[in-house]
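Me: I would like to learn how to read the strands, helices and charged contacts of a model, one feature at a time. Could you take me through them?

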Amino acid sequence: MKLVAGITLMHEHTRIDLSGLKKNDDCNLNCFEQTIKEYKELYQQGVRNIVDVTNIGMGGDAAYVQKVAKASNINIIHATGFYQDKFLPPIVFSKTVEQLAQIMIDQIEIGIDGTSAKADIIGEIGTSKNEMTAAEQKVFKAAMLASRKTGKPLTTHTTLGTYGKEQVAFFKEHDFPLNMVMIGHVDLTGDTEYVLDLLKEGVYVELDTVGKHNYMADAVRLEMLKEIEEQGFENRVCLSLDITRKSQLKYLGGIGYTYMLDTFIPYLRASGLSERFIEKMLIENPQRFFEEKSQ
């Protein structure tokens, strides 16, 4: 599919509820009016696409997301798939790889939860910290099957940035085209060489926890991006914030979805990152990723 012309945030959540496992209502992001308000502000900033990677078992609501999209005029890309081990629903353990793939295919070709919303990306499929569990391996295999059938790209979750190289090795082992893979949360490694090693394999990567200073300072992200640009890998990097909590929205004092363009991008500019690289990360690279075909 083609994105609408404009800025894309590649890894966000409009409606997500991980509060059951985390025992914290802050993780139940269900701020309808506040989300619409912030999305409208994003639209004024030139954002036209949000890739919403909330999938099966993450407390998403496709009808809710459709309403937010309509009210804000933002093109929201829906996802399908299953998340990370401790958040996986029982069907992942009871169904076969082929059956799980068919669930994803149905959400791509027919619709999500009885709505007209159809998934255009598979993800965020995840691995645990420093490992891929048996259930996660099952999800990755199903996701590859669904992608081969539908032509939709894959986006992954790496817990605190770990196990990204092993994800790439797993895709290679199964002859899956790496140009259709986006490895997520790589900024949380704090390790530029690690990220460059991923880029050299031919995958896309996301620095998608921008503004989450409790995990990693934006100064580290800046240094990563400077080195990536110097090494000539600007064409496969995307940016996002990965908002998942009520407290991250502005009405509760959080950075909000607009932090990217209010604060981070001006910081990159002031620190000498080229305008060309910024444009690629926000506009061209997401477009290219969605247009990639199996090689």
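Predicted model: local features only at pLDDT ≥ 70, side-chain atom pairs only at ≥ 80, totals over all residues.

Me: How many bridges join β4 and β5, and in which sense do the two strands pair?

Reply: Strands are DSSP runs of E with at least two residues, helices are runs of H or I with at least four, and both are numbered from the N terminus; two strands pair if DSSP finds at least two bridges between them. Here β4 (residues 47–52) and β5 (residues 75–80) are joined by three bridges in the parallel sense.

Me: What is the strand order of the open sheet?

Reply: The eight strands, with parallel pairing, follow the order β1-β4-β5-β6-β7-β8-β9-β10. At the edges are β1 (7–12) and β10 (237–239), each of which pairs on one side only, and from one strand to the next the twist averages 30°.

Me: Which strands does helix α10 lie across?

Reply: An axis is a line fitted to C-alpha atoms, for helices over the stretch in contact (heavy atoms within 4.5 Å), and angles run from 0 to 180 degrees between N-to-C directions. Helix α10 (residues 259–270) lies across β1, β4 and β10, and runs at about 125° to β10.

Me: How many salt bridges are there?

Reply: A salt bridge requires a side-chain nitrogen of Lys or Arg within 4 Å of a carboxyl oxygen of Asp or Glu, and by this rule the count is 15. One of them joins Asp197 and Lys165, at 2.9 Å from N to O; this pair links distant parts of the chain, since Asp197 is in helix α8 (residues 192–201) and Lys165 in helix α7 (residues 164–173), 32 residues apart.

Me: Which residues form a network of salt bridges?

Reply: Asp187, Asp218 and Arg221 are linked in such a network.

Conventions
Residues numbered from 1 in each chain as written. Heavy atoms only, no water.
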